[in-house]
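Open the model in your viewer and keep the selection tool at hand. This tour goes from stop to stop.

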Amino acid sequence: MASPIPTAGPAHIVWDWNGTLLHDIDVVIEATNASFAEVGIPPITLERYRELYCVPIPLFYQRLLGRLPTDEEWAVMDSTFHRHYFARADAAGLAEGAAALLAEWVAAGRTQSLCSLAAHDRLLPWVSRLGIDKHFLRVDGNTGVGVVTGKAEQMARHVTALSGLVEGMDPERVVIIGDATDDARAAAHAGAHAVLYTGGSHSRRSLLSAGVPVVDSLAEAVVVAQELVRRGR
C-alpha cells in the first residue's frame, strides 16, 4: 500500500455527484415525468419535485400520490426512469464553476474525493469523460449487487478509506458537499461536516431542515467548508 500523502489544506472535501457536481436535475425531471406517464400520474414541476423529494424513493411517491405505489407501479416507474435518464444523461454537464473549483482546490495543495450512490461502473467513465478524474484522491460509487448501499454506510466506509490516503486524516476535517438531506445524515454518521447546495434535488426549505449550512453555489459551498473546519465543531 502506498504511503499516505501529506495535505497542505486543513479541509478535505467529499463531493456528491448527481445534483451537486453534475447538474442533471433537468434530466431527472424529464425522466421522472416519462415514468409518471407510464402509470397515468400527471407531470411534476421542478419546484414541486424539490418540495416533495426524499429517500427512499417510494416515500417520495407516497408524498406525491398519498399512498405507496403498488409493486407493479414501482417496477414500471423505476425501469422507465432509468431508461429515460441514461438516454439523456450525456446532455448533463458539470454545475456552474465546478471544473474550476476542483482544479483550484488541488492547485492550492488541498485534497478532495467523490462519493456517490450512482453505480460505480457508470460513475468512473462519467467522471473521466468530463475531464475531472485527475482531481480526486478516490472515487466511490455504489457497487452493491441487486441492492443500493445506503449513503450513510457508504460514506462511513469512504471516510475510513481516506485515512490510508491522506496523512493525519480525521473525520472532523472532512466536509461533505451535497444536494440532499441524505448527504447531511451521511456526514453525521461518518463524523464529518456537511454543506448542502440548492442546485439539485431539494428545495431550500427542505435542506434547511437538516440543520447544516445551505448555499446557492458550489463556490460558496467551498468557502463555507473551509470555515467549518477552521472553526471546528
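What follows is a list of selections and what to find at each.

This is a predicted model: local features need pLDDT of at least 70, side-chain atom pairs count only at pLDDT 80 or more, and totals for chains, interfaces and linings use all residues. Residues are numbered from 1 along each chain as its sequence is written, and side-chain values use heavy atoms, with hydrogens and water left out.

**Helix α5**

Select residues 98-107, helix α5. Helices here are DSSP runs of H or I, at least four residues; strands are runs of E, at least two; both are numbered from the N terminus. Color Ala98, Leu101, Leu102 and Trp105: they are buried (under 20% relative accessible area, with exposed over 50% and partly exposed in between; 1.4 Å probe, protein chains only). These four sit on the same side of α5, because they cover an arc of only 100 degrees around the axis (taken from the directions from the helix axis to the C-beta atoms). Now turn to the face away from the buried side: Glu104 and Ala107 are exposed there.

Show β1 (12-15), β3 (93-94), β4 (111-119) and α10 (218-231) next. The buried residues of α5 pack against them. Then step to Gly109, which follows α5 and has a positive phi near 85 degrees.

**Trp15**

Select Trp15. Beyond its neighbours within four places in sequence, its contacts (heavy atoms within 4.5 Å) include Leu102, Leu114, Phe136 and Val222.

**Asn33**

Finish in helix α1, residues 25-38, at Asn33. Is Asn33 buried or exposed? It is buried, with a relative accessible area of 18%. Leaving aside neighbours within four places in sequence, Asn33 contacts Pro43 and Ile44.
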